[in-house]
Amino acid sequence: MTNNQSLINNHRCPIAVQVEGAAKTYPSGLAALGMVDLQVREGEFVTLLGPSGCGKSTLLRMVGGLLQPSTGRVRLWPESSTATSRERLAFVFQSPTLMPWASVEGNVRLPLDLTHAGADTEPKIQSALELVGLRDFRTAYPRELSGGMQMRVSIARALVTEPRLLLMDEPFGALDEITRNRLDREIRDLWARRSLTALFVTHSIYEAVFLSTRVLVMSARPGRIVGEVAVDEPHPRTDALRVSERFARWCAQLSDMLADASGERGEIDRDAA
Amino acid sequence: MSTRLLRYLAPGTVGVVFLLLWEGLVRAFDVPFYLVPSPALVLHTLVHDAPLLLGSLVVTLKITVLALLLSVVLGVGIAFLFVQNRTLERSLFPYVVLLQVTPIVAIAPLIIIWVKDPLAALVICATIVAIFPIISNTSLGLRSVDPGLADLFRLYGAGRWQTLVRLRVPSALPYFFAGLRVAGGLALIGAVVAEFVAGTGGTGSGLAYQILQAGLQLNIPRLFAALVLITLTGVAIFLLVSLAANLTLRRWHESELMSEHQIR
């Protein structure tokens with residue numbers, strides 16, 4: 001199930017994320033995440049795909065350091081000797097999570113202020129806003145913007161610290177399909193242009209295939225990684241890919257894995273019989 | 001007709017009709033002025049007794065404003081402490097509630113006896129009445145932080161102070177202003193009640209004292225005139241606080257949005 005080709009291609013890149021036997025069980029006894037091993041190398045775009053409640057967000061939050069695993073451990077750049085790994089990380093949440101009392105500029109500036117980035121923040125803000133096409137909206141307030149634009153502000157805020165690892169938790173799940181497809185393309189471009197490492201969470205098979213170099217399929221709660229598909233499609237990817245035969249094949253493959261993982265296939269077969 | 005015009009015209013009309021009806025009824029039934037004075041007589045008294053009444057107004061206003069300021073400073077300070085330390089909040093909050101549920105009329109005599117300076121005594125009474133909504137609303141607001149934003153601050157390693165100033169305080173502002181609006185009215189009520197209790201005990205020259213005196217002397221028109229001043233003061237405080245809330249929140253908070261966004 002693993003596509004060796006892609007692993008060979010980048011096995012010399014340093015490891016960015018190393019998850020070893022991480023699991024999460026809440027004090028209430030709810031098992032959110034089963035044992036997970038995961039390795040993401042620099043320059044990869046890895047997507048966690050799974051049904052709602054499978055713990056993919058939990059896993060992402062662990063990688064982001066927002067949640068401690070009950071067992072196992074998470075390491076960023078385990079081979080690197082410098083201990084500054086957390087500073088090279090940014091997170092895009094499910095909702096834009098903007099400060100409603102601050103302008104677009106104020107929101108984008110926040111990570112720089114919190115990390116005491118010092119002087120010379122202006123060009124960083126300017127370039128982050130330009131990357132997401134919001135240069136003319138610096139002084140606007142979040143509620144004056146559409147949902148898609150708010151999400152762009154959120155992305156600009158994540159990019160302003162020039163992170164090397166970008167964690168995204170179903171960032172476009174609440175948007176309409178047209179906006180979502182456009183933002184998917186933009187994220188993909190940003191990833192390529194900035195040579196980012198991306199870890200993305202979604203429950204959309206199409207989004208997973210379109211964005212990723214590698215898709216990991218997770219089972220229903222407590223989530224485990226049950227399958228992997230490498231998407232060997234060069235960059236840039238255009239909307240033409242979405243209607244191609246290989247796109248459909250990848251999607252079918254993932255769909256099968258998801259059905260196996262959640263045990264739905266059996267039920268469907270029974271219904272048919 | 002535009003909705004804006006209607007907003008002022010409708011209640012204005014009700015007020016004018018009410019006053020005319022009052023005036024007409026008093027005249028028609030020849031009600032003696034020491035029972036119910038006519039609006040015209042009240043207005044006349046207001047003008048005639050202006051030096052006396054305005055002097056009293058200044059006294060009451062001073063107590064109210066000082067009490068409100070003290071409530072804001074102390075209330076916000078206590079709310080900050082509560083939010084920084086759960087144990088402190090758990091230990092002290094019941095006593096804050098105790099202060100709130102005890103009728104001020106019952107404790108005012110004690111405070112007036114204990115505190116030598118009459119102005120200070122009255123301000124303390126009014127503060128006790130006004131401070132609760134500030135404490136409870138501000139501490140609720142300081143805790144009502146968007147969990148996503150809290151995560152974001154954690155992600156970038158924000159310190160306690162940064163989180164307080166940049167996240168908790170702005171999140172708390174709408175709650176604080178809602179509390180302030182209630183506290184403004186309560187400060188006035190507290191001031192008037194405390195003045196009533198203090199009564200003729202040497203201090204009195206506030207509006208409540210005038211009402212008390214006018215009542216004893218059956219000077220009902222002056223009583224009404226003082227009452228009108230108290231009411232107008234209450235309305236003025238409410239409007240000022242609302243204006244402050246509007247100026248602070250109108251760009252971003254749902255409660256103060258410009259009309260085109262409003263739900264009809």
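Guide: Happy to. Let's start with polar contacts: such a contact is a pair of N or O atoms within 3.5 Å, and within protein one must be able to donate a hydrogen and the other to accept it. Keep in mind that this is a predicted model. Across the interface of chain B and chain A, the rule finds 5 residue pairs in polar contact, both residues being at pLDDT 80 or more.

Visitor: Why is the pair Glu144(A) and Arg251(B) called a salt bridge?

Guide: The rule asks for a side-chain nitrogen of Lys or Arg within 4 Å of a carboxyl oxygen of Asp or Glu. In Glu144(A) and Arg251(B) the closest N and O atoms are 3.0 Å apart, so the pair is a salt bridge.

Visitor: What makes Asp151(B) and Arg61(A) a salt bridge?

Guide: Here the N to O distance is 2.8 Å, and the cut-off is 4 Å, so this pair counts too. The pair crosses between chains, from helix α7 of chain B, where Asp151(B) sits, to helix α2 (residues 56-63) of chain A, which holds Arg61(A). Between chain B and chain A the count is 3 salt bridges, while over all chains it comes to 24.

Visitor: Which kinds of element does chain B have?

Guide: Chain B has 10 helices and 0 strands. Its C-alpha trace spans about 75 × 60 × 25 Å along the principal axes.

Visitor: Why are α3(B) and α4(B) called oblique to each other?

Guide: The axes of α3 (residues 50-84) and α4 (residues 86-101) of chain B come within 6 Å and cross at roughly 135 degrees. Roughly perpendicular runs from 65 to 115 degrees and roughly antiparallel starts over 145, so an angle of roughly 135 degrees falls among the rest, and the two helices are oblique. Residues making the contact include Leu81(B) and Phe82(B) of α3(B), and Leu92(B) and Phe93(B) of α4(B). By class, the residues of this contact divide into 6 nonpolar, 1 polar and 2 charged.

Visitor: What makes the peptide bond from His235(A) to Pro236(A) cis?

Guide: Its omega is near 0 degrees. Pro236(A) lies in the loop between β9 (225-230) and α8 (239-242) of chain A.

Visitor: And what is the phi of Trp77(A)?

Guide: Phi of Trp77(A) is near 45 degrees, a positive value in a residue other than glycine. Most residues other than glycine have a negative phi, and most peptide bonds are trans. You'll find Trp77(A) in the loop between β4 (71-76) and β5 (89-92) of chain A.

Notes:
Residues numbered from 1 in each chain as written. Chains lettered and ligands numbered in written order. Predicted model: local features only at pLDDT ≥ 70, side-chain atom pairs only at ≥ 80, totals over all residues. Heavy atoms only, no water. Polar contact = N/O pair within 3.5 Å; in protein donor to acceptor, adjacent residues only side chain to side chain. Axes fitted to C-alpha atoms, helices over the stretch in contact; angles between N-to-C directions. Helix = DSSP H or I, 4+ residues; strand = E, 2+ residues; numbered from the N terminus. Parallel < 35°, antiparallel > 145°, perpendicular 65-115°, else oblique. Contact = heavy atoms within 4.5 Å. Nonpolar A, V, L, I, M, F, W, Y, C, P; charged D, E, K, R; others polar.
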